[in-house]
Amino acid sequence: MIFEQLSGNLLQGVILGGVYGMATMGLSLIFGVLKVVNVGHGAFIMVGAYVALTLFQTFGVAPPLAVPAAMVIGMALGMVFYYSAIRKLLKGPELASLLATFSCGVILEEVCKQLFTSEARGYNWELGKLDLGFTVLPHAKLLAFGGSALIGILLYLWFHKTRAGMAMRCVVESDEGARVCGIDVDWEYALSFSIGIGLTVVSGVLLTMFIPVGINPYMGGSYTLKAFVIAVLGGLASPYGAFFGGLVFGLIENGSYTLFAQIPGLEPFAMTRFFSFAMLLVILLLRPTGLLKAK
Amino acid sequence: MMNGYRAYLPILPVAATYALLLGIGVVSPDHWQLIAQLAFYCALGQAFNLFMGMTGYVDFGYVAFLGIGTYGMAVSIYTLSDKGLGIGVVLIGLVLAAIFSLGLSLAVGAVALRLRGAYFAIATIGVNEGFRYLLEGARIWNGADGIIFSRHLRQGVGRQTAMALSTWWADILVFGVAFLAAVLTLVYMRNKVGYALLALREDEDAAKVMGINVTRYKIIAFITSAILAGLLGASAWALKLTYVYPSDVFAIHYTVEAIIIVLLGGAGTLLGPIFGALTYGAAKYFLAIVLPGFQLLIFAPVIIAIIVLFPDGTVGLLKKRLRDTPLGKFII
Amino acid sequence: MPLLKVRNVTKCFGGLVAVNNISLEIRHGETLALVGPNGAGKTTLFNLLNGVFPADEGQIIFEDVDVTHFPAYRRAHLGIGRTFQIPRPFNSATVRENIAIGGMFGAAGSEIDVDRAMAMADHYIEVMGLSPHRDKPAGGLTPIEKKLVEIARALAMKPRLLLMDEAMAGMNPKDIDKMVAFLKEIRETEGIAIVAMVEHIMRAVSGLAERVLVMHQGAKLVDEPTREALSDPRVIEVYLGKPPEADHAHG
Amino acid sequence: MKTNRLSIGLLILTALLCGFPSLLPAAALKRIVIGHPEALSGQYAKAGEQAIGGIQAAVEWVNTVHGGVRIEGRQIPLDYKFYDCESRKESVTSLLERLITSDKVHFTMAPYSSGLTLAGAPVTEKYGMIYLNHGGASDKIFEQGFEYIVQTIGPGSQYHAGTLEMIRHLDPKAKRLALAYEDSEFARSVMDGAEAKAKQLGFQIVFKRTYPQAVADLTPLLSDLKASNPEIVLGGGHFQDGQLLNKQLADLKINVKLLSLIAAATLPAFGNALGPLAEGVMGPSHWEYGVTFSPEAAQKNELPWIGPEQDEFVNLFKKATGQELIPDYHAAEAAAAVLALVAAVEKAGSVDSDLVRKAFGELEFMSFYGTWKIDATGKQVGHDMVDVQWQQGERKIVWPLATKTADVVYPKPRFK
């Protein structure tokens, strides 16, 4: 019984973890290139959720087809925030960029509150379910997982097979080196910030395929915190590390629930959160480069 | 000291500001709660600045110290109010708040202070959230139910005293914390601690080579700042509001407010947090009255504009400008 | 009884041996020039001597104390001072404060309070000719001035051994002569041993150092009195023969 | 000293702006003012907006239909003043005090939620001023010995009493009950109440677990719940978590005979968000459009009737908010609190809080919201809740039988 439940939870965890991983890639990309922690991360996920919701409800666009629109909107938002705020703070203390990204998130939340009210919304897009006996997987979830994996692979190919991607990788390794090689570092910053935001908004679309309800302007906060843990699992500066970090995170969150549930007197769900943050600290201390990377 | 009292002159504007605030509150008791809220922001800014401003380390989980301080006071009143200690429960509460925040800061410091920059910020967020969910998950101190102890306070000290504690003495304590934080900031600045912190803020590796035991000084600042936060939580959140929910007192939003206050005024300055707190507190209060529901929409872009245009903060800027004028010795 | 004794010290980064099995001794009050091409491992050796990072192997003994595992600040307390190749003053602090910080926390630190440190700072400001800049933030100075501040800060630490990383790079010959004279005087009056890292300026080497230690690819190539070293064919080869491997090593 | 001069200037400005009204001499009672620090932003914004709309509707009714508050043969207009407390505890105290001292309000209302209600209590107690609690359901508020809090929303422990009685009525054999709810003081007091009631009625609690606030995925909890094989699930806590719970029960094909969710399921947003998945889901509500309280019913129960009838209230609410919106229970209970206040003030013949508090104690009436009565601590004991069920995209009242607008669908339709 417990074993069945545990395997069901772990499978669900991997699927959810894949989407979480995708939702963290943008954060890691931005940190990797600009060394800026986007504290307003969750708000961009929220924007993606509203993009999917609005396109579906107003124009009947199926959520997967909202991905390109989300990418465009996200990149545009990224450019706007980069050139109006982030760019001038790159050389300043951490404090300034932390507060600025947080404020960007607040602006988005408040604008969305004015546009959509603070009511929790949702949409209904049923594709059927896959019943495995020990657990049930709706097709929409599988599609979201597949989409996340695909985007992860595309990002990888872009980084490794295109000139633009390789230029960005140079900047991750060393600003100075990239400058010497004739790469316009400032433009790479702008581009990666905007791609990072674009990916995050896209992940918001995919997340609604997973959970199409409860969409509200303040939904992002808990995703920001999760993304921090996942990013650290993946090494903070590595977008695909983040993807695998997501998988690990999903496994741990869902797996540890079953274990904590065996201990009387505990609230297992809250303990899983405690566990994930405790893990964050341990990893930061022992393996700040993430779980996957050697050295 | 060679400079003697002159080095401590900048405490005068601080004392004057707090005296003025208190004076307004006493003359016009109608505005006491507003004054109290401003004092809370002053204390929050001063206490946060003592670590963040002086070391440059951004503790994004700072609110955890306020939270655990709140619990210190709550636990004391909740469990000891029927022991006939009278007002003693409040004193024990303050001591517990200090001990709890000291303990937590030692634990956090041992782990997180090994990290730098963004890693430190993320680790401290992790501490705050992790601690909150530990309380909820393991049902420590009633877990998510929190502690509601209004009745206990009243039973312990009597109805009139309880009311006076919540609506007057709690706020006086907040003033006390704010002033104590300012005094400690200045004392640190004028002593070796301050120079060590200045050096490590600028260049931690060079500071080590100069013979500075950076870990030691970081922990001194961290603990001082944490204990002040614990006392602040015990007075402004526990004694004043007489209840505590974990979701309320571990809310990351208060850390952000502390950052805003310090940044508005100027990180690492003595007067900056006060100026930041008064501007922020007053603006927030009036916006809530004039444009209810739109405060954040107005605040967020203004904050971005301020950090882009005045990265040193207002007092930081003044300090630079006034360095060579007679006023310079007051403005630090 | 030497001031500093280094025995078979090695430091690797990944697969790269930055410092390879080096031994050396420094006597009280002596001046040693550490020379070698870019990437020879000189800065790494400095970092090992003052504890920026620990050695992988070997032993470092300073005045009878085994400091191999001491962190940087404790070595500073014992009397090892240091300047950096690219000056690293505390930018927002004034020149006076910068120098005073050296006094407050250096070798004599435990007995020196803020006021005494400030008085010491005033002394070195005078000596280094920095008086016009006394109350200016160090971040706003020229590179040369920053270098002087850094030397003053290191001297205020009252070290018995001063490690100077490219202290004279970028100076004109006149300033170099002045600096050499100054260092000689300091050495006499304060009894400091100096290890000066120099890349190219032979003028400084010959004027200041009694002994030259030449490093090449992480290893000790030559350790002999200045006069012999300057005419040693191996040294000349290192500089003029341009061995191709030198470019690959990190220093 | 530039900074200081600036801050002094700022303070003087502050003092002037707040101080002026308080310097004016007290005039004869021209208006009666209710002051309210309500949550218009932050996590309780939605409930706060509803409450303000409901209060404005009630005030409008008092002034235009009722002709003002009747004291000593005069009819005094009612005024309502609110500020945004941003769902934050520290703002509640300063705004309350401003309302009491600068704005010279006569009565105060608490913001939505138990926590914010508690935050303001020390201030209103200090000033000895009536503090109308429209959205703080925690029973613990009334164990603290506050003297001026008057509750209109029903206490949390009673939320599921009717639901469980209904199940007993419909299905005497149903036994296996699961509780899955948000880890908050409010949801806990609801579920502890439900547990006690359920045991009394012979149910067996097969599952009782919480999930943290702001949860994004409930799958592990729900797999655990599924393993306990329940017939009835009671749960929820706030708004989005209830939607999530329903959606993920459907995802995991966990079918039960009855699903009742507190808070979330009683709001229009629930049906909009979930569509067909909401079918058959229930929720306990303090009030629902379609309840059949009327002046006639009041007469039958020998209770005085106060306030607008239901449709009248809905129209006033739409006018106040400027939106084509059916009010939910947050609006209704806030409006009912105002009606209770008017009744109490008229009974006391004074705006003195002590006299009015005494009148509250003796007050018992019916309005569109239902019956109203408090006990000695100020806790609401006279109001019965209704149970609503989503049927064909609409909320129908299915319990108690006397007020039902549709028959309950039991067991609920299965998830496909």
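Reader: How many helices and strands are there in chain B?
Author: First, a word on the model: it is predicted, so local features need pLDDT of at least 70 and side-chain atom pairs pLDDT 80 or more, while totals for chains, interfaces and linings use all residues. Residues are numbered from 1 along each chain as its sequence is written, and chains are lettered from A and ligands numbered from 1 in the order in which they are written. Helices (H or I, at least four residues) and strands (E, at least two) are DSSP runs, numbered from the N terminus. On that basis, chain B has 15 helices and 2 strands.

Reader: Why does the radius of gyration of chain B agree with a compact globule?
Author: The radius is taken over C-alpha atoms, and the globule rule is 2.2 Å times the number of residues to the power 0.38. Because chain B has 332 residues, the rule gives a value near 20 Å, and the chain agrees with 20 Å.

Reader: Which element gives the most to the side of chain D that touches chain B?
Author: Contact here means C-beta atoms, placed from the backbone, within 7 Å. By that test, 47 residues of chain D meet 49 residues of chain B. Elements giving two or more residues to chain D's side include α3 (89-102) and α6 (185-200) of chain D. The top giver, with 12 residues, is α1(D).

Reader: Which residues have the most contacts inside the largest nonpolar core?
Author: A nonpolar core is a set of buried Ala, Val, Leu, Ile, Met, Phe, Trp, Tyr and Cys residues joined through C-beta atoms within 7 Å. Helix α2 (residues 32-55) of chain B gives this core its largest share, 17 residues. The core has 468 residues, and those with the most contacts inside it are B:Val174 and D:Ala335.

How values were computed: Contact = placed C-beta atoms within 7 Å. Buried ≥ 20, exposed ≤ 12 C-beta atoms within 10 Å, placed from the backbone.
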